[in-house]
Amino acid sequence: MTTTAPDTIDYDIRRILGPSNDGKDVQATSFSLLETLNTHFPDEASLAETEILQQRLAEEQRALQDEINALRAQSKESQDSNRMQLIQELISELLGQMSRIREKATESEAVVRNITKDIQVLDLAKKNLINSLTTLKRLQMLVNALTQLEDHVREKKYTEMAQTLAAVKQISVSFKPYTTVPRVAQVWRRIQQMQGEIRTLVESDFDKFYLEDPKKQVKTSTVADACLVVDVLGEDVRNNLVDRYVAMELKEYRRIFRTTDEAGQLDNIPRRFSWFLRLLQAHDLHQGRVFPAEWKVSWHLLAKFAEITRDDLSVLLSKAGASLNVKILLDNLQLASDFEASITKKWATPFADILVATAPPSGPMKSITSAFEPHMGVFVEAQNKALSDMLAPHRKPKAPPPRTSLDAGTPRASGELEEGSSPILVLPSSTELFYFYAQSLEQCAKLSSGQALFDLALVHKKWLKIYADDVLTASLKKPAPLRRSTDTRFDLNAIQQASLVINTADYCQATALELEQKIREKIDDEFKERVSFQSECDVFIGCVSWAIAIHLRELETACDPSFTTMTRISWATWAQVSGPSAYTGDLVKAIEQITEAIKPGIEQKKYLRNLFDKIYNLLLAKFTAALVKSRPLGEIGAEQLLIDLQTLKAFLIKLPGESLMTTSYTRGLSKSTARLESLLKVIVTPVDPPEGFILNYTLLIGDASFSNFQKILDLKGTPKFQQNDLLDSFLTITSTKSELDSTSFLSSLDMDPTASQGGMVSPSIISAPSEGIFSGLSSPPLSGPPTGSSVGDANRPGDRVFSDFRRFVSFGLRRDSQAPT
């Protein structure tokens with residue numbers, strides 16, 4: 001058995017042992033007193049062997065003492081002063097020997113250096129002699145080559161001249177460090193003079209060849225050989241000769257197609273291209289064969305022609321000003337694009353690469369079509385006008401209001417489609433709009449992928465917002481027809497129009513994202529990150545929100561008579577419970593009619609799922625409001641209302657159908673109805689005895705709120721004199737129940753719904769499936785746009801609705817990705 005030593009024993013052992021050698025306490029080392037004692041005495045029986053243990057420990061102590069004595073003797077011997085003096089003398093002797101060895105090594109190095117001094121001098125002399133002989137030999141070769149070059153220049157032998165000049169330039173490179181030597185400097189100057197003479201000779205022959213003077217004809221073979229010499233002279237000489245040739249060839253082009261003459265006007269652009277193609281053909285058949293292929297003289301001709309033509313077109317387009325119409329612009333731009341495409345096909349090289357390959361030191365040149373880029377605003381403006389004309393018949397009309405484009409796509413007032421016709425799920429104007437977008441995008445991308453395409457994207461964005469505001473949203477803002485409170489009819493056209501708006505807005509939102517991707521694929525890199533249609537997609541989502549609000553408005557209109565009937569019943573005098581009330585049948589029938597009218601018209605299930613979430617929230621909020629208006633309820637009346645609520649719940653559970661049912665729908669509906677059921681169950685409970693009534697309240701409601709308990713008594717119709725006693729008992733009982741909350745769902749119950757509600761519950765307020773059943777009673781009406789909004793405002797209704805509606809869309813998308821339960 002393991003034992004623990006008393007603190008006094010531990011203290012005595014520490015005092016006896018004293019501090020350790022390294023200054024640390026014994027307990028700070030690896031030694032453990034308790035472990036040692038437990039090792040020697042593992043159990044009670046081992047205590048009998050105490051004497052044997054003492055003897056063993058005494059022997060170990062004597063052995064340790066002997067070892068300590070031996071170590072002390074050894075330490076004393078090692079600290080003997082005579083021995084330390086001997087060691088110091090040995091170290092001094094060793095240092096002296098090392099110093100003598102270092103001196104001997106220095107002397108040996110000096111002796112070796114004296115012995116090899118003459119040999120090093122001879123090696124240096126030999127190296128200098130070899131270098132001198134090599135240099136003299138090269139100088140002789142250079143002088144001989146220079147003499148031969150002079151002979152070839154006099155005889156105009158370009159082939160030999162090219163070879164000799166290349167050799168002279170190669171050899172002369174090695175003499176560049178010796179130009180301070182007079183003889184070398186003289187030869188160097190002569191080389192420079194010879195290159196100048198050769199350049200003058202070559203340029204003279206090239207000029208004769210360019211001019212094709214019959215009196216001073218130059219053979220093509222001579223010019224071909226001269227090209228070899230030009231390559232040796234350097235790239236600057238070659239570029240100068242090519243530029244002179246190009247300038248002479250295009251001199252006539254400049255004269256014929258001056259911007260001030262008739263031939264140089266915009267309507268004669270095809271003549272410019274035809275003239276150059278003839279020049280290019282003549283060049284390939286005659287002069288072009290003389291020049292080496294690597295000179296790419298044809299490319300230089302094209303680059304200069306493109307530069308001149310681009311400058312002329314820029315001047316002509318600027319002069320045209322307001323008279324420049326989109327037809328002239330596009331026709332000429334198409335001609336320029338076709339010309340560049342033909343050149344690309346001819347040489348199997350992109351036009352831009354040709355311009356880069358022939359670019360001057362100042363930088364690459366621009367294409368011919370780039371001259372049209374600053375004027376593409378004419379094209380963009382034409383697209384803007386075309387879109388305005390196309391959407392004009394569909395936009396919100398002035399008074400008197402004729403039928404809008406939505407009316408053309410909706411059935412007649414009776415809800416009957418014409419015989420042989422199919423229902424329209426998406427507005428034709430939306431498909432026409434995006435078809436036009438695709439055509440204009442394709443046309444603009446062929447002509448320009450820069451600023452013009454970006455400006456076109458801005459036009460597309462502008463008209464998407466106009467379409468959403470003036471066509472879709474405007475159709476939803478028609479004033480609701482005036483109805484009597486007992487009128488159960490609903491506007492079928494309004495429901496069908498709202499469904500059509502939902503489908504169209506969803507189609508526009510999805511297609512706008514595709515349009516954004518297409519533009520990003522075609523536009524230049526500098527504009528890619530600036531292309532975004534997200535704000536337009538948000539506007540269309542706002543249209544969906546408004547259309548769903550219309551559905552809820554019509555649902556409320558159809559259900560209001562049933563709830564009105566509910567409020568007119570005297571529940572306090574209700575005699576007995578006899579199954580569901582009559583008004584619940586009318587209510588269920590109205591809901592069925594509305595949902596059956598909505599379901600076929602909405603294409604996307606995600607919107608239907610969200611709509612059903614809003615429907616049950618709206619209905620339960622209306623039921624709660626009617627319940628509050630109907631007070632006092634009485635115990636039997638509350639029991640009857642509980643049966644009515646369960647009837648409504650059973651119907652709402654099956655309302656979406658199997659394909660649209662989700663677990664979140666059933667869970668949210670059950671949670672919302674459970675609160676109303678708890679409320680009614682408390683009202684059903686008799687107030688006598690008070691303790692039982694209050695206990696039932698705390699179990700079902702779960703709070704200790706004085707005001708909430710007062711609401712229950714008001715709904716129950718408890719007399720005032722009895723309420724005081726109940727309230728006192730409530731305070732007494734709840735004061736001992738610290739686990740109760742101070743608030744509950746009753747805290748948001750409005751006891752005056754008539755004053756705070758203008759006839760309709762805002763669907764944006766009841767968007768959360770599990771919250772707001774009671775707080776929704778105090779929300780503003782949604783029979784029209786939100787307060788302060790208008791079509792022309794910067795804060796459009798679609799934007800307002802969207803700020804609260806994003807949850808709806810993400811919720812619907814999640815629902816759509818889940819399998820129905």
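How many helices and how many strands does the protein chain have?

1. The protein chain has 29 helices and 0 strands. Helices (H or I, at least four residues) and strands (E, at least two) are DSSP runs, numbered from the N terminus. The model is predicted, so local features need pLDDT of at least 70 and side-chain atom pairs count only at pLDDT 80 or more, whereas totals for chains, interfaces and linings use all residues. Residues are numbered from 1 along each chain as its sequence is written, and side-chain values use heavy atoms, with hydrogens and water left out.

2. Of the 821 residues in the protein chain, 42% count as buried; buried means under 20% relative accessible area, exposed over 50%, and partly exposed in between (1.4 Å probe, protein chains only). The accessible surface of the chain comes to about 44800 Å², and 54% of that surface belongs to carbon and sulfur atoms. Accessible areas come from the Shrake-Rupley method with a 1.4 Å probe; for residues, only the protein chains shown count as cover. Among contacts (heavy atoms within 4.5 Å) between residues at least 6 apart in sequence, 78% join residues at least 24 apart.

3. The largest nonpolar core has 192 residues, and Phe 206 and Phe 623 have the most contacts inside it. Such a core is a set of buried Ala, Val, Leu, Ile, Met, Phe, Trp, Tyr and Cys residues joined through side-chain atoms within 4.5 Å. Helix 20 (residues 534-568) gives the most to this core, with 16 residues. Not counting residues up to four places away in sequence, Phe 623 touches Phe 563, Met 566, Tyr 583, Leu 641, Leu 645, Leu 648 and Leu 676.

4. Val 223, in helix 7 (residues 220-233), has a relative accessible area of 2% and is therefore buried. Leaving aside neighbours within four places in sequence, Val 223 is in contact with Phe 206, Phe 209, Val 218 and Val 290. Between Val 223 and Phe 206 there are 17 residues of sequence separation and 6.8 Å in space, C-alpha to C-alpha.

5. Helix 22 (residues 605-629) packs with helix 24 (residues 663-684) at an angle of about 5°, and their axes are 10 Å apart. Axes are lines fitted to C-alpha atoms, for helices over the stretch in contact, and angles run from 0 to 180 degrees between N-to-C directions. The two helices are therefore roughly parallel to each other, a term for angles under 35 degrees. By class, their contact has 10 nonpolar, 5 polar and 1 charged residues. Ala, Val, Leu, Ile, Met, Phe, Trp, Tyr, Cys and Pro count as nonpolar, Asp, Glu, Lys and Arg as charged, and the others, Gly among them, as polar. The residues of helix 22 that take part include Phe 612, Asp 613 and Phe 623, and those of helix 24 include Tyr 665, Gly 668 and Leu 676.

6. The bond from Arg 631 to Pro 632 is cis, with omega near 5°, and Pro 632 lies in the loop between helix 22 and helix 23 (635-654). A cis peptide bond also joins Asp 688 and Pro 689, with omega about 5°; Pro 689 is found in the loop between helix 24 and helix 25 (690-700).

7. Lys 156 is not a glycine, although its phi is positive at about 55°. Its place is in the loop between helix 4 (81-155) and helix 5 (158-172), and at 37% relative accessibility Lys 156 counts as partly exposed.

Definitions and conventions: Parallel < 35°, antiparallel > 145°, perpendicular 65-115°, else oblique.
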